[in-house]
Amino acid sequence: MIDRQTALALAQDSDTDALMARASFMRDATYAGTVSYSRKVFIPLTQLCRDVCHYCTFAHPPRRGQRAYMTHEEILAVARAGAAAGCKEALFTLGDKPELRYRVARDELASLGHESTLSYLAEVCDLVFRETGMLPHVNAGVMGAEDMAMLRGVSVSQGLMLESISPRLLEKGGPHYGSPDKDPAIRLETIRIAGKLGVPFTTGILIGIGETRVERIESLLALRDLHVEYGHIQEVIVQNFRAKAGTKMSDSPEPSTEELLWTIAMARLLFAPDVTIQAPPNLSPGMLDRLIAAGLNDWGGVSPVTPDHVNPEAPWPHLDELARQTATAGKTLVERLAIYPDYALNGEKWLDKAFRTPVLRLVDGDGLPRTDSWMTGTPSTPPPLWAGSLAAVSPGFTDIIAKARDGGDLSEADVTRLFRARGGEVAAVCEAADDLRRAMNGDTVSYVVTRNINYTNVCYFKCQFCAFSKGKMSENLRGQPYDLDMDEIIRRVVEAWERGATEVCMQGGIHPEYTGETYLEICRAVKAAVPGMHVHAYSPLEVWQGAKTLGIDTADFLSRLRDAGLGSLPGTAAEVLDDEVRVILCPDKVNTAQWFEVMEAAHNAGLRTTSTIMYGHVERPVHWARHLLRLRNLQKKTGGFTEFVPLPFVAEEAPIYLKGNARRGPTFREAVLMHAVARLALHPHITNIQTSWVKMGPEGVKACLNAGANDLGGTLMNETITRAAGASHGQEMPPEKMEAMIRDIGRVPVQRTTFYGVPPEDQVRISFGAAPLGEVVNTPARRYERDVKPLLYRTGLVGAAE
């Protein structure tokens, strides 16, 4: 950030174009190719005000026959119309403490059961949120800590324009003469209180009302000092004065275009990148591209329902037109909430408890609002990914794609940038990934005939996302705990082979009675029963725990498993391979380093593995980037990963979601991008990208197959883990349906083995038209007779044993 001395010196800088270029560069480094806005309704609770600003037409004295305050019914009518139009913000704007000036305000408040305007405001904010789900943002004027704390409990953000730090404007003849609440010291104190209370805050300056450039800079610096101290200023508005008929300043000159552009650029240069710079689009028609060129990254609230009651002479642009003009400047228009992304994703700090879960369920991994109803595992129709995209893709973005296509190692920043793609950028990523898929895999789509066998759902680990495990200490006790007898495991393996399977995928909960010998016995039994069956089994957590129970190291245990018949390992228990995420999601599970230790040991033992990610819950795109790059680095070292499998979080029955502490799973854009970005970021080291029909559904996997994926995974026969979390896409996708789905998109189906080889002809033949599955028997979990309680090994970020 520019220091104070340099900033004040720039007051004399007449090279506005140079300042704009610097500001635009700073903006692009953080906000990439987007400009945001909030879809809102404007609710003017009262237009009475004790101040008499000389440029204002919003406030007026009491009028005969007109209520001082909007009623509940009037407020809800506006809010419901907004909700029906897709609005998420209810902006409450009102005059400052009219009850201190007007008896009619005091009397009406008394009839409503309130002593103050702010008390009534709190009531109606709560009403709107409860009745419509819209998120209140309040511009309620200056106030003390008690009132602000009250409003924090019923709103997601608050705002107060500083306007200017200059006390000259309060003098006789100035625009703020006779307006006690415009005292800059009082306004700054209100903004300071907001910081102390952790209120996400909107503020800004009004230019062209008699202030100088130096005073503008001083105003911005005062706001910056408060933000540096508290971190609560989410946006700074640069609003240009507009002369309005019927006011004392109706003949005053408006600020020039250059003054507005210079001020926007200065604001961008003065503030850290995390602070948004905004200017209202309706106050500068015909020059929105120039505002963007000055460093702006937000248009503020725009309503498809209500007028701008503060500037009624300046209608908001239609959202389609705003998107078009934004695209003309090379940016994609994206919707945001009243609370900005970083604040929304850190609700523990910035939101009252009442809003944390509702906000979390509204947003995606970037903290921007979900704009469709698609959810992982549900039968909902996927939305179009880039319909109506208007903005051109920037050269910097295409450079990242070109680097990936050429096999270059992308950086964490590169991969994160690809995950943040919007609009036409999504199309560019998906098309590049599909081109790379075609070059590496041709037009075939592979799948394997396999059976999932989850031998127990009893587990003593407490993963916050898991709806499958059942046990005394599990987070979710719905359903019957089971522990399959060996006879039932073998029956399922034999039946799978007779239905054309070449692989069984076996995993389960970490049963407190299981030891490493349990896993060895299962392998030996399967291979004895069906020697030709490939055993793909045991997550890194099971391997880690099995080794611990035998008192041997991981490498030794893996060698024993291999000798017992284990053919490969699933790369599950990965979730997100970053301990910032794992400490929330699965703190007692293997940590990131331990997961990679098991994988590397497996590869060194000649056991190949898959790799996975489970995403869309508490993490952010930067964590996805770290995950992919860590997989890439191990693959470059060992070459042991056969494929990468994105597993979108199924939220519906997951404990962490039911507790209100996770998002609703990835958006469809995020889910498809995970496959596409993985293809680019892992190229040329991991060449198979799989998409899950259980989680994505038939239409979802088709989109992924056109965005870099080349494999549909297994037919499964039985699937319990995803179904337990609430997915509804079924337990089996037989070869007939699998191949029909592949042919629907013009691709060529091919059945494969675990290692992408050609399966035996007899197995392929009998996989078609296979007999229905017999009834499964989930042996109820039994009590164990024992003299000594088994040790429960805690790995990961908790460690130790119980």
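Helix α6 (residues 145-152) and helix α7 (residues 184-197) have axes that come within 10 Å of each other and cross at roughly 55°. In this predicted model, local features need pLDDT of at least 70 and side-chain atom pairs count only at pLDDT 80 or more, while totals for chains, interfaces and linings use all residues. Residues are numbered from 1 along each chain as its sequence is written, and side-chain values use heavy atoms, with hydrogens and water left out.

**The α6/α7 pair**
- Helices here are DSSP runs of H or I with at least four residues, and strands are runs of E with at least two.
- Axes are lines fitted to C-alpha atoms, for helices over the stretch in contact, with angles from 0 to 180 degrees between N-to-C directions.
- A145, M148, A149 and R152 of α6 meet T190, I193, A194 and L197 of α7, where contact means heavy atoms within 4.5 Å.

**Nonpolar cores**
- A nonpolar core joins buried Ala, Val, Leu, Ile, Met, Phe, Trp, Tyr and Cys residues through side-chain atoms within 4.5 Å.
- The largest has 125 residues, of which V429, M506, Y538, L561 and W595 touch the most other members.
- Helix α26 (residues 668-682) gives the most to this core, with 11 residues.

**Around T247**
- T247 sits in the loop between β6 (233-240) and α9 (257-270).
- Is T247 buried or exposed? With a relative accessible area of 13%, T247 is buried (under 20%; exposed is over 50%, partly exposed in between, with a 1.4 Å probe and protein chains only).
- Leaving aside neighbours within four places in sequence, T247 contacts H54, Y55, C56 and T57.
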